[in-house]
Amino acid sequence: MWTQDPAMKAMFRVLERVAGDDVTVLVRGETGSGKELVAAAIHALSGRRKGPFRAINCAALPSHLLESELFGHARGAFTGAVRDTPGHVQLAHRGTLFLDEVAELPLELQAKLLRVVETRTVIPVGAREPVPVDVRFVSATHRALRKEVEAGRFRADLMYRLRVIPVFIPSLRERPDDIPLLVEKFMAERNETSRRKVERVAPAAMTILRRYSWPGNVRELKNVLAYAYAMGDGPTLAPADLPPELVDPKLSGAELVSPSPASEAHSENPEARRILEVLGRTGGNRQRAAQILGMSRVTLWRRMRELGLAEQA
Ligand SMILES: Nc1ncnc2c1ncn2[C@@H]1O[C@H](COP(=O)(O)OP(=O)(O)OP(=O)(O)O)[C@@H](O)[C@H]1O
């Protein structure tokens with residue numbers, strides 16, 4: 001992981017210290033900030049590094065599919081279940097299971113996950129016998145889990161189980177000194193594979209990159225560089241190579257989002273705020289907004305509906 005931010009370095013020291021124990025780690029950070037990378041680093045630093053590392057996004061599937069993906073199912077459990085199928089928990093045996101967006105796990109599956117964490121066994125859907133599993137759990141969320149508990153959406157007992165070691169990844173805008181470092185790293189990667197070879201970033205372009213608010217964090221920075229490589233030519237990365245909404249102050253920044261009553265009501269929710277900000281910058285273009293946020297258009301639409309933003313776009 002590339003960083004020179006003191007808070008990130010301190011977080012890394014914590015990870016190095018705890019990776020070897022089987023304690024659960026809960027990573028909190030905005031979308032694209034590197035939560036999965038942190039989970040993979042914990043795995044790589046642990047004694048389980050030769051075992052599997054599996055990741056599942058708890059927000060990506062409807063409840064019944066997620067249950068079977070996570071815990072597996074027995075033959076005949078439902079129409080189409082033609083054979084016993086292990087879920088992610090079993091597939092991560094002797095390794096690490098990364099539960100991304102764990103706060104989105106429905107309550108009934110939280111109960112089932114709690115049993116797995118406590119008993120170190122899993123009962124696949126439609127099966128009778130528990131199967132012993134040896135898994136290290138690392139979870140992540142962009143939400144404050146304690147608030148989810150207070151609101152009755154997340155079980156307190158599961159939170160305590162999953163959050164033995166809590167770590168926080170600052171957003172990219174909170175660590176602007178990481179921007180040149182990450183630009184350098186991603187440029188080196190792109191120079192290997194791309195037709196264009198960039199040798200330097202024009203100071204004006206770097207100023208733009210450093211001033212931008214990066215709602216999609218490191219993933220967005222990576223995407224912006226991909227754009228710059230594709231759109232520009234020559235050895236110098238210039239402001240003109242950058243996406244227009246980064247360059248034109250009229251197109252960038254949260255102040256463009258008209259403060260409608262609905263967006264004010266959502267100003268407490270960081271994800272809603274971020275989505276509104278990006279939609280403001282893209283002039284309501286959802287395809288482009290989804291790209292910036294590093295999610296599919298369908299996911300963006302679903303999140304907007306869930307957050308009550310759909311009527312505004
Ligand atoms: N410090 C870093 N150094 C190098 N690459 C990074 C760093 N942080 C993030 N990345 C890269 O940025 C991208 C997004 O990171 P990652 O998938 O870990 O984010 P995330 O927080 O898990 O995102 P999401 O919340 O959307 O699941 C990945 O390609 C990852 O390799």
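This is a predicted model: local features need pLDDT of at least 70, side-chain atom pairs count only at pLDDT 80 or more; totals for chains, interfaces and linings use all residues.
Colleague: Why is Arg 163 called partly exposed?

Modeller: Arg 163 has 19 other C-beta atoms within 10 Å. A residue is buried at 20 or more and exposed at 12 or fewer, so Arg 163, with 19, is partly exposed.

Colleague: Where is Arg 163 found?

Modeller: Arg 163 lies in the loop between helix H7 (156–162) and strand S7 (165–168).

Colleague: What makes Leu 26 and Leu 145 contacts of Arg 163?

Modeller: The criterion is that the C-beta atoms, placed from the backbone, lie within 7 Å. Arg 163 touches Leu 26 and Leu 145 when residues up to four places away in sequence are left out.

Colleague: How do you know that the radius of gyration agrees with that of a compact globule?

Modeller: For 313 residues, a compact globule would have a radius of gyration near 20 Å, and the protein has 21 Å, so the two agree. The C-alpha trace spans about 65 × 45 × 35 Å along its principal axes, and 35% of the 313 residues count as buried.

Colleague: What is the domain assignment of the protein, and which residues form the contact between domain 2 and domain 3?

Modeller: The assignment gives domain 1 (6–170), domain 2 (173–247) and domain 3 (254–312). Domain 2 supplies 6 residues to the contact and domain 3 supplies 9. On the domain 2 side, helix H10 (residues 217–231) gives the largest share, 3 residues. By class, that side has 1 nonpolar, 2 polar and 3 charged residues.

How values were computed. Residues are numbered from 1 along each chain as its sequence is written. Domain bounds come from an automatic or database domain assignment. Two residues are in contact if their C-beta atoms, placed from the backbone, lie within 7 Å. Helices (H or I, at least four residues) and strands (E, at least two) are DSSP runs, numbered from the N terminus. Ala, Val, Leu, Ile, Met, Phe, Trp, Tyr, Cys and Pro count as nonpolar, Asp, Glu, Lys and Arg as charged, and the others, Gly among them, as polar. The radius of gyration is taken over C-alpha atoms; the globule rule is 2.2 Å times the number of residues to the power 0.38.
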